[in-house]
Amino acid sequence: MTVGVWIIGDQLWRQSAAIASVPLGTPVILIESLDHIKTRPYHQQKLVLIWSAMRHFAAELAEEGHRLEYIEAEGFAKPLKAWIKTHKITELRLTAPTDKSFTEIISTLNLGCNIKLLENNHFLWTETEFKTWAKDRKRLLMEDFYRQCRRRFNILMQKNGKPIGDQWNFDQDNRKPPKKNDPSFNPPKPLEFKPDAVTQQVIAKVKQLKTPTYGKLDGFTWGVTRSQALQVLNNFITQRLETFGPYQDAMVTGQDTMWHALLSPYINLGLLHPLEVVEAVAAEDYDDRSLSSVEGFIRQVIGWREYMRGVYSIAPDDYGDRNWFDHQEALPEFFWDSSQAKMNCLKQCLDQTERTGYAHHIQRLMILSNFALVAGIEPREIENWFHSAYIDAYDWVMKTNVLGMGQYADGGMLASKPYASSANYVNKMSDYCKGCRYDHKARIGENACPFNYFYWDFLDRHREKLTTQGRMSFILKNLDKMTEAELTEIRELADRWHQEN
Ligand SMILES: Cc1cc2nc3c(=O)[nH]c(=O)nc-3n(C[C@H](O)[C@H](O)[C@H](O)COP(=O)(O)OP(=O)(O)OC[C@H]3O[C@@H](n4cnc5c(N)ncnc54)[C@H](O)[C@@H]3O)c2cc1C
Ligand code: SF4
């Protein structure tokens, strides 16, 4: 038997199951496929990040002694068949892809040799382990899963089995609004990397692509190697972690990253393993004050991230087509061109996404996705936009985060209530409203903020469905207090907005 290993673009880890299972000298292939990027207009910086990281990783493996083939091609099948023939490969070995769509691609390739998928080890929990945890549970509560994960990996635990600080959750210390107009409220600049010769070659390739793309390429400063990703991790721990927790939900004009980690692009590519990230953060010397930041971050990685991937792995085949609210509006054109956006909150988040391929969690959830939800955008359209726009987007993150958490398209399999809010939240957690042509306090009238009339229109349109969601009853009582005249104007404003956009 002759084994060959195919490493796909988000498996750039030396300990990834397939590459770790073979001796030096094994034929190994990586392929940059142009067909693969035709499915949607990807952010140009994402293409540079992935292809440059693949090229660097391939060079490292070659230096180590593997027989490396690095191919730039239209599709996957042709170069794979040629390579299999040249090396007389009888078993093509891969780490099982996280994205189901990639597993489908593999199944259609017809390569004429045995294909062996080894269980994916890029997460703390394998798919099999998550399935075992989820089996027979009435509700898949993230909190239950998170606690189990803390215990299982002994992260932030005391010897007596209790969590450090005697609490599982420090949310009450976090989520502070930003200090507006305070010059000392100044997040550190993110670590930037000057593109080396390899990255510059990829930038030149992306600039010449005929395929439609999204976003801006100038100013690409993302890391492209494991060593750079480790520097970002170290920078987060030493410069940003302590303030991460309290202001993790805050949004400030001109501060694209706040105190966020900027680690998702690297973890999702395999340049960092989530366990090493949480172990490094948990090993920090933290006091009572910074425990909330440490716990808050670890909850994101071993709680939310692992849970989202786990739910994706067990989601039914039709999960991606679900549309619980039956939303059918088209995605407004300004999502693809921020210069056309009039609402300041959307404009700020869209502009920075075009420039960097990045927005932090609350910008994604409570500005962009929230808007799509209350405005009734068809879920697959907004999912496609997120998948195109973000540097860290993959199918497994999209289905759960955008469709499940953001759009509630699964009817509550994942989130306990829809993440819908009015301008009140935006004004509290950001400084966006003060630079906006709309009035964040008004829900009707000429200058009414669209977030307001869409929010109440959303509650009104879906009153019946939302009544079944216990956590919505308080807000529905406020809807009941609204006069019919006000509701009529709200409906008219929402209709007019769609006609004009
Ligand atoms: C609508 C929507 C779209 C999103 N799209 C993506 C995406 O394309 N890719 C992506 O990796 N994450 C996505 N997320 C989750 C989260 O917003 C990003 O992981 C985070 O903003 C990445 O930036 P950071 O590394 O600076 O995050 P920080 O907040 O500094 O760090 C937290 C870390 O925890 C992990 N994490 C936290 N929450 C999640 C989550 N819900 N799902 C997965 N990982 C999580 C990430 O690895 C992240 O690096 C999305 C969330 C929403 C609501
Ligand atoms: S007023 Fe409304 S549209 Fe303007 S920034 Fe605030 S929430 Fe956004």
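Let me start with the sheet: five strands make an open sheet, ordered 3-2-1-4-5, with parallel pairing. Strands pair here when DSSP finds at least two bridges between them. Helices (H or I, at least four residues) and strands (E, at least two) are DSSP runs, numbered from the N terminus. The edges of the sheet are strand 3 (67-73) and strand 5 (114-118), each pairing on one side only. On average, neighbouring strands are turned by 25° against each other, direction ignored. For that angle, axes are lines fitted to C-alpha atoms, for helices over the stretch in contact, and angles run from 0 to 180 degrees between N-to-C directions.

Before going on, the ground rules. This is a predicted model, in which local features need pLDDT of at least 70 and side-chain atom pairs count only at pLDDT 80 or more, while totals for chains, interfaces and linings use all residues. Residues are numbered from 1 along each chain as its sequence is written, and chains are lettered from A and ligands numbered from 1 in the order in which they are written.

Back to the strands. Strand 1 (residues 3-6) runs parallel to strand 2, and two bridges join them; valine 5 has valine 28 of strand 2 as its bridge partner. Strand 2 and strand 3 are also parallel, over seven bridges, and leucine 30 stands opposite tyrosine 70 in strand 3. Strand 4 and strand 5 pair in the parallel sense over five bridges, with arginine 93 partnered by lysine 116 in strand 5.

How many of the seven residues of strand 2 are buried? Five are, so strand 2 (residues 27-33) is mostly covered. Buried means that 20 or more other C-beta atoms lie within 10 Å of a residue's own; exposed means 12 or fewer, partly exposed is in between, and C-beta atoms are placed from the backbone.

Next, the domains. The protein chain is divided into domain 1 (3-118), domain 2 (127-314) and domain 3 (320-500), with bounds from an automatic or database domain assignment. The centres of domain 1 and domain 3, taken over C-alpha atoms, are separated by 38 Å. Even with that spacing on record, twelve residues of domain 1 are in contact with ten residues of domain 3; contact means that C-beta atoms, placed from the backbone, lie within 7 Å. On the domain 1 side, helix 2 (44-64) and helix 4 (100-107) each supply at least two residues. Helix 2 gives the most, with three. By class, that side has three nonpolar, four polar and five charged residues. Ala, Val, Leu, Ile, Met, Phe, Trp, Tyr, Cys and Pro count as nonpolar, Asp, Glu, Lys and Arg as charged, and the others, Gly among them, as polar.

Now the ligands. Which residues are closest to ligand 1? His260, Ala261, Gln300, Arg305 and Ala393 are, in a shell of 26 residues. A residue is near a molecule or strand if its C-beta atom, placed from the backbone, lies within 6 Å of it. The shell around ligand 1 takes at least three residues from each of domain 2 and domain 3. At least two residues each come from helix 9 (264-269), helix 11 (288-314), helix 13 (361-375) and helix 15 (395-406). The classes are 14 nonpolar, nine polar and three charged.

Helix 15 is mostly covered, with eleven of its twelve residues buried. Among the buried ones are Trp396, Lys399 and Asn401. After helix 15 comes tyrosine 408, whose phi is positive, near 55°.

Ligand 2 is surrounded by 14 residues, the closest being Met343, Cys345, Cys433, Cys436 and Cys449. Helix 12 (344-356), helix 16 (423-429) and helix 17 (450-461) each supply at least two residues of this shell. The largest share, three residues, comes from helix 16. Eleven residues of the shell around ligand 2 are nonpolar, three are polar and none are charged.

Last, two loop residues. Lysine 88 sits in the loop between helix 3 (77-87) and strand 4 (91-95), and has a positive phi of about 50° although it is not a glycine. Is lysine 88 buried or exposed? Lysine 88 counts as exposed because it has 10 C-beta neighbours inside 10 Å. Arginine 175, in the loop between helix 6 (142-153) and helix 7 (197-207), also is not a glycine and has a positive phi, of about 60°. Arginine 175 has 15 C-beta neighbours inside 10 Å, so it counts as partly exposed.

Terms used
Two residues are in contact if their C-beta atoms, placed from the backbone, lie within 7 Å.
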